[in-house]
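Me: I would like to learn how to read helix packing and chain interfaces. Could you take me through this step by step?

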Amino acid sequence: MKAIYNRLFGGTTGVVQLGILAAILMIVLPLSLDIFRLNLVGKYLTYAFVALGLVLLWGKAGVLSLGQGVFFGLGGYCMAMFLKLEASDPISTKIQSTPGIPDFMDWNQITQLPAFWMPFKSLPFTLLAVVVVPSIVAFVLGVAMFKRRVGGVYFAIITQALALILSLAIDGNQGYTGGRNGITDLRTLLGWDIRSSHAQYLLYFTTCGLLVLAIVLSQWMLSGKLGKMLLAMRDREDRVRFSGYDVSMFKVFTFCFAAALSGVGGALFVLQVGFISPSLVGIVPSIEMVIFAAVGGRVSLLGAVYGTLLVNTGKSLFSENFPQLWLFAMGGLFIAVVVLFPNGLAGVVELIRKKVSPFLKNLRTSSTLPTSGSTPLPSPDKP
Amino acid sequence: MNAKTDFLLYIEDLGVSFDGFKAVDGLNLYVERNELRVIIGPNGAGKTTVLDMICGKTQPTQGSIRFKDRELVGMAEHQIVRSGVGRKFQTPSIYENLTVFENLEVSYPKGRSVFGSLAFRTTPEVVERIHQVAEQIFLKEALDLEGAFLSHGQKQWLEIGMLLMQEPELLMLDEPVAGMSAPEREKTAELLNRIRKGRSIIIIEHDMEFVSRIADTVTVLHLGKILAEGSMQEIQHNPNVIEVYLGH
């Protein structure tokens, strides 16, 4: 029992840290923000799923993917297809030349629902697809690359290309995908209006809940033998291979898991924001996700969540006030993090804790044992 | 041709060329069960390349390697390991960020698949086995130390220990005492003589004094070919070997 508890939460410190995050997300923010801002936070949290996947893939398995937006997009599109079909019932689309199909299909002279859209009439299928479709794509790509020992920069470039390909493919097939505009005008989920503020509250808390679940699940994976294997692989890949492990399959698995997390994030994004478009799939968002993870600390699960929230809040505030400056600030931030704090926020917190805890200890011992004429304590940082 | 043999390892006509350079050429090597074979030879003779081919790191361009009557050529590295071949590298390859205990733990031959590793639990059996091996490799007191803090010699022992966890039938060690102090060599020889029971071992080594203390049979490689093979006595008096290797 105790062992399971330790594996899930990483001991007492882990529980406290996760508790603080959950309290911030589920109590502090909902009480202090209006629904518009809270919905924005909810949107950022969907990116945190991708950042979480990147911590596992990049931070732990040492494989940098610059195409995680693809999986976010795939999950999002799966969800959007379901919602779009529900929004396109024959009555509300009766002015179309073919009622009952999504509006953009009608505009593109398509008269019948394409076969690959059919299964998305079912919610259970859609929910499954949100996780499975990104995983399958990641599996195929992962097996093709990792079995051939493609890694490092080459892997990053190929995933980057994948992001470009998918966004162009969606863009270029307007009749089937909604093209550049994406899939818009999503209204209800099984008749439940997802645009009402009541629904937005509920979706926000669902997102928080799933995020905490994802963190706990990742923590569980990392705390066992798999986590040690990933660490060992980053250290001495050959040694792992010659200890009888199929190294590539460990990478494929991590890639798939990260993809599945991203897919869930994408689906939650669509539910909260009400649309999806190829601009959320391509190169720029994929790289932004990497920045979120890097700022938070690429080896820290919780750091990735804080990093995502912080960068996006900065993005919102900055771009509301100085729209032209935002991209420069973002670029500068990334360079600063890489050069100065390779372990991001989590690294800084760790550093402060290391500096402060002996200082605090000093303080405690010197206050319990007051000595006359003691030398003044050096005060490095504010505690 | 395919007569059943008693040899554990049965290498015939093995060769590999890198861009036309024949690093190993038409090599025949037979290792019996429970034999301790030492391969010596000057630098560039192809010693490490032979081990690389046996464990699948390098694909041979010709020839066959049969282990327990199974062809190893073409098998993936992890499958070769799982069939019972353990390999220690020339520079100590251990996981610096894991403790000695964890280094041995991840080498335990269970939970090697992805899902197996998720379900893997460090049972009392595993712990007992780790303690047993740690005792053998003189690292019982260092179980909680991170790999990075071990001395060079201790790293070499730890890597041997990691192989022992897998209980391989064929153990291949590439220069196990390189960089070790005299007392450490002493202990390593003692260790090898203890762990050789029930398995075959191939060792590449330069230190002739060390070789003479452990070897059953010595194979001398030169320019990718076998120059001589026999007991230490025979090798030391072989004029060809003295000429190219022992000489001076």
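Reply: Axes are lines fitted to C-alpha atoms, for helices over the stretch in contact, with angles running from 0 to 180 degrees between N-to-C directions, while helices (H or I, at least four residues) and strands (E, at least two) are DSSP runs numbered from the N terminus. This is a predicted model, in which local features need pLDDT of at least 70 and side-chain atom pairs pLDDT 80 or more, whereas totals for chains, interfaces and linings use all residues. Residues are numbered from 1 along each chain as its sequence is written, chains are lettered from A and ligands numbered from 1 in the order written, and side-chain values use heavy atoms, without hydrogens and water.

Me: How are two packed helices described?

Reply: They are described by the angle and the distance between their axes. Here the axes of α13 (residues 283–296) and α14 (residues 301–321), both of chain A, come within 7 Å and cross at roughly 120°. Their contact (heavy atoms within 4.5 Å) includes A:Phe292 of α13(A) and A:Val311 of α14(A).

Me: How is the size of an interface often given?

Reply: It is often given as the accessible area lost when the parts come together. Between chain B and chain A, the buried area (accessible area lost, with a 1.4 Å probe, summed over both parts) is about 2,600 Å², and carbon and sulfur atoms give 59% of this. B:Tyr95, B:Val114 and B:Leu118 supply 24% of the area that chain B buries against chain A, more than any other three residues.

Me: How many salt bridges are there between chain B and chain A?

Reply: The count is four, where a salt bridge is a side-chain nitrogen of Lys or Arg within 4 Å of a carboxyl oxygen of Asp or Glu. One joins B:Glu159 to A:Arg239, with the closest N and O atoms 2.5 Å apart.

Technical notes
Buried area = accessible area lost by both parts, 1.4 Å probe.
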